[in-house]
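The sequence and structure are shown first.

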Amino acid sequence: MKKLLSVIFCLFCIFSFKPAWPETGTRIMVLGDSLSAGYGLPPGTGWVDLLEQRLQSRSPDDSVINISISGEITLGGRNRIEQALKDHVPDIVIVALGANDGLQGRSIPSIYENLEAIILICKRYNATPLLVGMQLPPNYGISYTQKFRDIYPHLAQNQQLQLVPFLMAGFGDRPEFFQADGIHPAIRAQEKILDNIWPALTEVLKSGGTRHQ
């Protein structure tokens, strides 16, 4: 009888204990700016929200943490990333920064350096980075826009990362997919953004970019 009670007690302890984080599923953190923060959109309609819905249809234990901030530049992301990694312990970090740096005409080397630092910190915390490419409108000049565009494939190659070539591929030049300001994608564009990110994210998931499975 004592042995039976001991077994029951042990089973109770096992099933009553809840770890701080789920033991299964993939945790993805999004580090971005207003394009990822859902600027101007109704709650729950941004591409990050759609990402979580799509992931949870694959596995209900998958989750997404969005730490994107409107107006964020790469230096801000660099300053925030380490604490965010400690707080959220993600498996994958989608790095979608640089657009504001480019619009402000910041130096190409500084943008590259900040993005590279973010990636290296992610790797140090055993989180797999996924880099999202950005592009600028042509009125910023051929030389600057090309150098800016090249940051992302060069960094992805040097750091051996999966790359989303361009966040707004397929609609970036179509005004009907943007809000009245002509800068921020409208609701109808959010699924397209997710479709641009999904192939590279799928490759990361296939390659084992998770610690919680």
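## Strand β1 and its partners

β1 and strand β3 (residues 92-96) pair in the parallel sense over five bridges, where pairing requires that DSSP finds at least two bridges between two strands, and strands are DSSP runs (E, at least two residues) numbered from the N terminus. Within this pairing, V30 has I94 of β3 as its bridge partner. β1 is also joined to strand β2 (residues 63-66), again in parallel, by four bridges, and I28 stands opposite V64 in β2.

This is a predicted model, in which local features need pLDDT of at least 70 and side-chain atom pairs count only at pLDDT 80 or more, while totals for chains, interfaces and linings use all residues. Residues are numbered from 1 along each chain as its sequence is written, and side-chain values use heavy atoms, with hydrogens and water left out.

## Burial of β1

Strand β1 (residues 27-32) is mostly covered, six of its six residues being buried, that is, under 20% relative accessible area with a 1.4 Å probe and protein chains only. Both faces are covered, with R27, M29 and L31 buried on one side and I28, V30 and G32 buried on the other.

## The largest pocket

The largest pocket has a volume of about 600 Å³. Of the 24 residues that line this pocket, Q135, L136, P137, M168 and G172 are the closest to its centre. The lining divides into twelve nonpolar, eight polar and four charged residues, with Gly counted as polar.

How values were computed. On a 1 Å grid over the protein atoms alone, a cavity is a set of points where a 1.4 Å probe fits but cannot get out, and a pocket is an open set with protein on both sides within 12 Å along at least five of seven lines; lining residues have an atom within 4 Å of a point. Grid points are joined across faces, edges and corners, and a volume is the space filled by probe spheres set on the points. Buried means under 20% relative accessible area, exposed over 50%, partly exposed in between (1.4 Å probe, protein chains only).
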